[in-house]
Amino acid sequence: MTVNDQDPYSVSHVDSDPEETAEWNESLDSLVAAHGHERAREIMLSLLKRSKELHLGVPMVPTTDYLNTIAPENEPEFPGNEEIERRYRAWIRWNAAVLVHRAQRPGIAVGGHISTYASSAALYEVGFNHFFRGQDHPGGGDQIFIQGHASPGTYARAFLEGRLSADQLDGFRQEKSHAPNGLSSYPHPRLMPEFWQFPTVSMGLGPINAIYQAQLNRYLTNRGIKDASDQQVWAFLGDGEMDEVESRGQLQVAANDGLDNLNFVINCNLQRLDGPVRGNGKIIQELESFFRGAGWNVIKVVWGREWDDLLARDNDGALRTLMNVTPDGDYQTYKAESGAYVRENFFGRDPRALELVSHLSDDEVWGLKRGGHDYRKVYAAFKAASEHTGQPTVILAKTIKGYGLGPSFEGRNATHQMKKMTLDNLKTFRDAMRIPITDAQLEENPYLPPYYNPGEQDEAIQYLHERRRALGGYLPERRVKYTQLNLPDDSAYAVSKKGSGTQEIATTMAFVRLLKDLIRSKDFGHRIVPIIPDEARTFGIDAFFPTAKIYNPNGQHYTSVDRELLLAYKESPQGQILHVGINEAGAIAAFTSVGTSYSTQGEPLIPVYVFYSMFGFQRTGDAIWAAGDQMTRGFMIGATAGRTTLTGEGLQHADGHSLVLSSTNPAVVSYDPAYGYEIGHIVHSGLERMYGGVHPDPNVMYYLTVYNEPIIHPAEPENLDVDGVVRGIYKLSESAVSGPKAQLLASGVAVPWILEAQQLLAEDWGVSADVWSVTSWSELRRDGLAADEHNFLNPDAAPRTPYVWQKLGGAQGPFVAVTDFSHSVPDQIRQFVPGQYATLGADGFGFSDTRAAARRFFTIDGPSVVVRTLEMLAARGEVDRNLPSQAIGKYRLHDVNAGTTGSAGGES
Ligand SMILES: Cc1ncc(C[n+]2csc(CCOP(=O)(O)OP(=O)(O)O)c2C)c(N)n1
Ligand SMILES: [Mg+2]
């Protein structure tokens with residue numbers, strides 16, 4: 001069976017000598033009575049230690065009984081007016097359901113979720129009324145990750161707060177057709193930039209991003225950039241969502257960092273989309289052991305106050321045993337049935353338990369609530385969580401999916417997807433929520449039941465406002481006011497401009513050299529946050545270890561093996577580098593929190609996330625998409641790029657498509673630079689765009705592919721076409737020879753190949769080829785599409801010319817493009833090239849071999865470019881039609897062993 005049955009301390013555990021055991025227990029009881037809890041705890045710990053020495057095999061307690069962690073006698077006073085809060089919670093619940101229902105009106109029918117918020121309303125409301133501090137709070141405010149499909153509840157609250165109008169509620173999921181009063185389906189900062197802070201709806205990203213948000217807050221504090229020590233992160237999550245690897249995979253980070261500023265609230269309604277989360281087991285027990293094992297503080301809120309009396313009278317543990325052994329599937333069914341059913345099928349299994357409820361009517365049995373619906377129990381849990389120190393806390397709150405919506409919703413397997421209520425459902429729900437709306441009003445148009453808002457003068461609404469005032473303003477709210485940056489001056493880029501002299505270096509190294517100088521840049525460098533998933537040595541970033549240091553809030557308490565070395569591995573609470581371990585999912589979560597610090601904390605930081613290009617977009621593309629939603633700014637560096645360049649590593653490492661993937665993310669600006677000076681201008685323009693204050697769209701992430709093949713980097717040419725570098729294409733070399741003309745295009749590591757081809761074409765075949773470095777195929781495509789779109793919609797206006805066309809318009813001869821990526825990368829600009837266009841690329845799986853052999857295999861090397869160019873010229877009648885086959889013979893193009901393009905070596 002599942003973990004929930006393994007508790008050796010549960011009442012159902014068999015005792016071989018109960019009398020003797022009772023004597024021991026009595027001793028303990030009198031110890032507590034005489035010397036108090038603390039002393040008794042000391043004795044117990046000492047006994048446990050002794051039992052370990054005696055090898056008694058007493059296990060750590062992974063789970064506790066299926067009971068509330070906080071005993072009734074330890075519950076704090078509820079400080080609010082429960083009656084008033086309950087009143088407007090019901091209004092919020094009504095409006096949340098009605099807004100989804102109204103979104104199903106004929107002709108609209110855009111979907112939405114009713115049952116999720118219905119199950120979690122009390123959890124949110126206790127938070128909003130008593131815990132969650134707004135951004136005007138002196139401490140800086142809390143950060144709330146709201147469960148994506150519970151968004152109707154947040155909108156409904158904002159409606160009562162007067163922050164959203166009824167027309168806006170009716171614009172739910174109609175962002176264009178109902179503009180400017182549309183509301184996004186889920187929390188999407190990009191779509192509602194003044195409202196939502198954290199996108200959460202892709203299951204699993206909320207939990208992992210919340211962990212790294214809490215870490216960022218500590219990082220800012222430890223590094224003295226901002227005191228965020230009074231801020232808490234609260235993440236609302238689903239129990240089904242906890243199945244995602246991202247939900248659980250980084251729990252240890254939160255524990256190791258001691259993130260007591262982090263609280264997870266998991267709404268355990270026992271259901272996910274299709275049915276039970278753990279029908280045969282118990283999700284709360286499973287999560288308890290999982291979180292506890294990861295080092296978290298666990299608070300279970302299983303039962304409402306109505307159970308307190310029963311449990312107090314449960315002297316022989318009969319009820320507790322039933323609670324422990326009942327699987328979730330049964331708990332779900334109880335709540336889809338009736339009080340009589342619960343009496344018979346739950347309590348009825350043990351006469352002693354049945355006796356405990358003998359004085360209750362069936363209705364009262366039905367009224368025994370789950371903990372997550374009980375204000376006081378939830379309040380107690382939130383208070384304990386917010387006060388707990390040294391560990392992150394998870395609250396596991398048991399609820400009913402579709403709570404209060406009546407028998408056709410509550411606990412039904414299909415409830416997640418139910419978006420519409422029948423007239424009867426509406427009436428039942430109206431009664432349960434005590435909404436002063438008449439039958440006649442509902443019957444008038446069942447598609448459009450009215451919203452309810454008693455107005456600003458209402459006592460409850462005033463109470464609601466007062467609570468938010470006391471807590472520092474309304475939530476959620478996204479702000480973008482931030483400390484202005486002094487961007488580095490030109491001298492920071494000098495290293496890129498001067499080239500590598502006679503030294504061969506990879507573009508990775510060229511980038512790292514620039515990064516080093518940027519980090520040194522006064523008043524600016526400390527805001528750069530290198531993020532590295534355990535590849536620093538691969539990319540030469542280990543050089544930063546001793547100076548920038550690796551962030552570890554606990555410092556370095558061991559004697560480092562390499563302490564004598566110049567490049568010692570140095571961990572420090574003030575460390576600048578976020579070394580996240582072998583963990584791309586965590587790295588992108590860190591990238592997101594760091595890259596949105598300008599907004600969440602008003603303190604810009606520039607994340608520079610360096611990774612194996614194969615394990616970036618391909619592995620964590622969804623998280624990068626969410627980063628785009630959250631309007632993250634920063635730099636992603638896809639190192640060891642290229643299908644043939646990372647020699648030797650083979651199929652799973654050889655990246656020939658990350659630029660295709662990155663091109664699909666509208667928030668990503670991708671570049672494939674060839675030389676250091678290109679990198680310098682690209683990074684410079686990126687920083688200007690993100691933080692220069694001029695660009696209309698600063699919310700972008702730059703993606704640069706860099707390679708590990710050592711090459712000579714030329715110094716920056718005089719009169720470099722900087723605009724071309726930044727916009728995506730510039731002429732690198734014009735052929736001096738006379739002869740038939742051709743134009744060669746390449747990006748990144750392939751630029752030297754077309755320089756080689758230029759030379760071969762001139763020397764072997766008398767062809768004059770110009771060379772263009774294409775720094776960004778995808779930006780050129782975007783520009784071309786924008787021009788197309790403009791011309792399409794404005795036939796009478798002066799037509800726009802795509803930038804590629806402007807650049808290549810006067811160039812003579814056919815165009816041949818080559819790349820170490822798949823054909824689809826250079827094919828992106830095909831329709832904007834003013835002439836015949838052929839592309840060479842490396843499609844298919846990579847493999848292990850030398851660079852020269854691999855490039856010959858894919859026919860993308862210098863001689864391949866020559867042959868392709870000659871073929872195009874021959875087809876146009878500009879060279880002899882026998883030349884291509886002569887060239888194939890001369891270069892032995894069909895022989896992989898004849899390839900010579902590319903150097904050996906380079907770190908990987
Ligand atoms: C990555 C991902 N996969 C699938 C979905 C579709 N989806 C939305 S909600 C949901 C079920 C959520 O169940 P749970 O987390 O228990 O939330 P509840 O509504 O029960 O509170 C699913 C599968 C999604 N949003 N994200
Ligand atoms: Mg659920």
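Predicted model: local features only at pLDDT ≥ 70, side-chain atom pairs only at ≥ 80, totals over all residues.
The strands in question belong to an open sheet of six strands, arranged in the order β10-β7-β11-β12-β14-β13 and paired in parallel fashion. The edges of this sheet are formed by β10 (578-579) and β13 (668-671), each of which pairs on one side only. Within the sheet, strand β7 (residues 528-532) runs parallel to strand β11 (residues 606-612) and is joined to it by four bridges, with V529 standing opposite P607 in β11. A further helix, α28 (residues 676-691), lies across β12, β13 and β14 (701-705), where it runs at about 170 degrees to β14.

A helix-helix contact is found between α3 (residues 115-130) and α4 (residues 151-160), whose axes come within 10 Å and cross at roughly 50 degrees. Because of this angle, α3 is classed as oblique to α4, and the crossing of the two helices is right-handed. On the α3 side the contact involves Y117, A121, Y124 and F128, which meet P152, G153 and R157 of α4; by class, the residues of this contact comprise five nonpolar, one polar and one charged.

Definitions and conventions
Residues numbered from 1 in each chain as written. Chains lettered and ligands numbered in written order. Pairing = 2+ DSSP bridges. Contact = placed C-beta atoms within 7 Å. Axes fitted to C-alpha atoms, helices over the stretch in contact; angles between N-to-C directions. Parallel < 35°, antiparallel > 145°, perpendicular 65-115°, else oblique. Left-handed = near helix turned anticlockwise from the far one by under 90°. Nonpolar A, V, L, I, M, F, W, Y, C, P; charged D, E, K, R; others polar.
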